[in-house]
Amino acid sequence: MRVVITGGAGFLGKLLAAKILERGALTDASGQLREVSELVLVDMNAAQGEPWLADKRVSQVIGDVADRNVLAQAVSANTGSVFHLAAVVSGQAEADFDIGMRVNVDATRTLLELMRTLSLPAKFVFTSSIAVFGGALPAVLADDQILTPQGSYGAQKAIGEMLVSDMARKGMIDGRSLRLPTVTVRPGKPNKAASSFASGIIREPLAGVDAVCPAAPDAKMWVQSPPRVIDNLLIGHEVAASHLTHTRSISVPGITVSVRDMVDSLRRVAGDHVADRVTWQLDPTIDRLVSSWPQAFSAERGKALGMTADTSFDDMVRAYLVYINSTKGATA
Ligand SMILES: NC(=O)c1ccc[n+]([C@@H]2O[C@H](COP(=O)([O-])OP(=O)(O)OC[C@H]3O[C@@H](n4cnc5c(N)ncnc54)[C@H](O)[C@@H]3O)[C@@H](O)[C@H]2O)c1
């Protein structure tokens, strides 16, 4: 079957593509394990520099996901699964309401409408975010906490979740929305997410570069490592629809760390000379967004489905060090 990843040239899209190619098969909406014969990446940028791009199962559609013609090149009759990752991230969606609506809402709706034309409903995995919650929140959020986004990105993800749940209820798709924790440590360059610093304060000092932290040391975050997120995305894909009862939205398990905890982990794992490269300078916009996000979830539903959290932030820093050592000399 054909599997489509929108945002396939992005950070998580590329990791997901590599993992799907390695697995070679996924379960379709009827519960049948099917060979992945085609993997189509859709993105406004071309994926580059990955050895698996030479795999004959891989093709790319380069274009805007808000353009139905672009999506129509990717979603064909034999499409069994779509992972919808393309998005404008939090900082950009907050700064530019129109682009956020166009990419995060309009493109999601267009893609879902296109999937309605398939003769057999396909699986649809939507990468939502904990930013669908905000404001006055309990210390630990239950699975059925009401959605109260405090930023445009969270509001747009909440709209996506509702579309996925309603169209799944109507049998138009076999959808599931996974609310991912903040993913760190992200390699490469900073992105426009308000949470980007959560990777920058680890990644830059480890590369010998100074990093300025724009959030308060006491700010707490709900985080997960990249490999763990990919495992959880695939668990969310594989689970049978019969296990998803009154909602198609799942909060993915994570761990809670304060920004100070993160720098302390860096100190324990890499030493004072590395951790001392982090300095603090509050950015009120980022601090407001980050401190409006939830800090802990019970994530009972995700855990019952087999999703897991990382063991500690120290281990997440160590995993990143293993990753950068394994890619030394490779194209970034
Ligand atoms: N990384 C995180 O911490 C995190 C946390 C929660 C949710 N998410 C969600 O997971 C998904 C993937 O995140 P990521 O970290 O890989 O982001 P990313 O920014 O690395 O990747 C997103 C990709 O979408 C593409 N894209 C954006 N607008 C597009 C358009 N109009 N047309 C075509 N392609 C377009 C970008 O080119 C990029 O390659 C996103 O939906 C994001 O909201 C990420």
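Biologist: In what order do the strands of the open sheet of 7 strands stand?
Modeller: This is a predicted model: local features need pLDDT of at least 70, side-chain atom pairs count only at pLDDT 80 or more, and totals for chains, interfaces and linings use all residues. Residues are numbered from 1 along each chain as its sequence is written. Helices (H or I, at least four residues) and strands (E, at least two) are DSSP runs numbered from the N terminus, and two strands pair if DSSP finds at least two bridges between them. In this open sheet the pairing is parallel and the order is 5-4-1-6-7-8-12.

Biologist: Which are the edge strands, and what does the twist average from one strand to the next?
Modeller: Strand 5 (58–62) and strand 12 (249–251) are the edge strands, since each pairs on one side only. From one strand to the next, the average twist is 20 degrees.

Biologist: Which residue in strand 4 is the bridge partner of Val4?
Modeller: Strand 1 (residues 2–6) pairs with strand 4 (residues 38–43) in the parallel sense, over 5 bridges. In strand 4, the partner of Val4 is Val40.

Biologist: What angle does helix 4 make with the direction of strand 6?
Modeller: Helix 4 packs on the sheet and touches strand 1, strand 6 and strand 7; contact means that the C-beta atoms of two residues, placed from the backbone, lie within 7 Å. Angles run from 0 to 180 degrees between N-to-C directions, with axes fitted as lines to C-alpha atoms, for helices over the stretch in contact. With strand 6, the angle of helix 4 is about 170 degrees.

Biologist: Is helix 4 roughly parallel or roughly antiparallel to helix 5?
Modeller: Helix 4 (residues 97–116) and helix 5 (residues 152–169) have axes 10 Å apart, at an angle of about 10 degrees. Angles under 35 degrees count as roughly parallel, over 145 as roughly antiparallel, 65 to 115 as roughly perpendicular and the rest as oblique. Therefore the two helices are roughly parallel.

Biologist: What classes of residue make the contact of helix 4 with helix 5?
Modeller: Helix 4 contributes residues including Phe97, Met101 and Leu112, and helix 5 contributes residues including Tyr153, Ile159 and Leu163. Ala, Val, Leu, Ile, Met, Phe, Trp, Tyr, Cys and Pro count as nonpolar, Asp, Glu, Lys and Arg as charged, and the others, Gly among them, as polar. By class, the contact has 8 nonpolar, 6 polar and 2 charged residues.

Biologist: How many residues of strand 7 are buried?
Modeller: A residue is buried if 20 or more other C-beta atoms lie within 10 Å of its own, exposed if 12 or fewer, and partly exposed in between, with C-beta atoms placed from the backbone. Side chains in a regular strand alternate between the two faces of the sheet. In strand 7, Lys123, Val125, Thr127 and Ser129 are buried on one side, and Phe124, Phe126 and Ser128 on the other. Strand 7 is largely enclosed by the rest of the structure, because its buried residues number 7 of the 7.

Biologist: Which element gives the largest share of the shell around the ligand?
Modeller: The ligand is surrounded by 25 residues, with Gly7, Gly10, Leu12, Ala87 and Val183 the closest; a residue is near if its C-beta atom, placed from the backbone, lies within 6 Å. Helix 1 (11–23), strand 7 (123–129) and strand 9 (182–183) each supply at least two residues of this shell. The largest share, 3 residues, comes from helix 1.

Biologist: Is Gly208 buried or exposed?
Modeller: Gly208 lies in the loop between helix 6 (197–206) and strand 10 (211–213). It has 9 C-beta neighbours inside 10 Å, so Gly208 counts as exposed.
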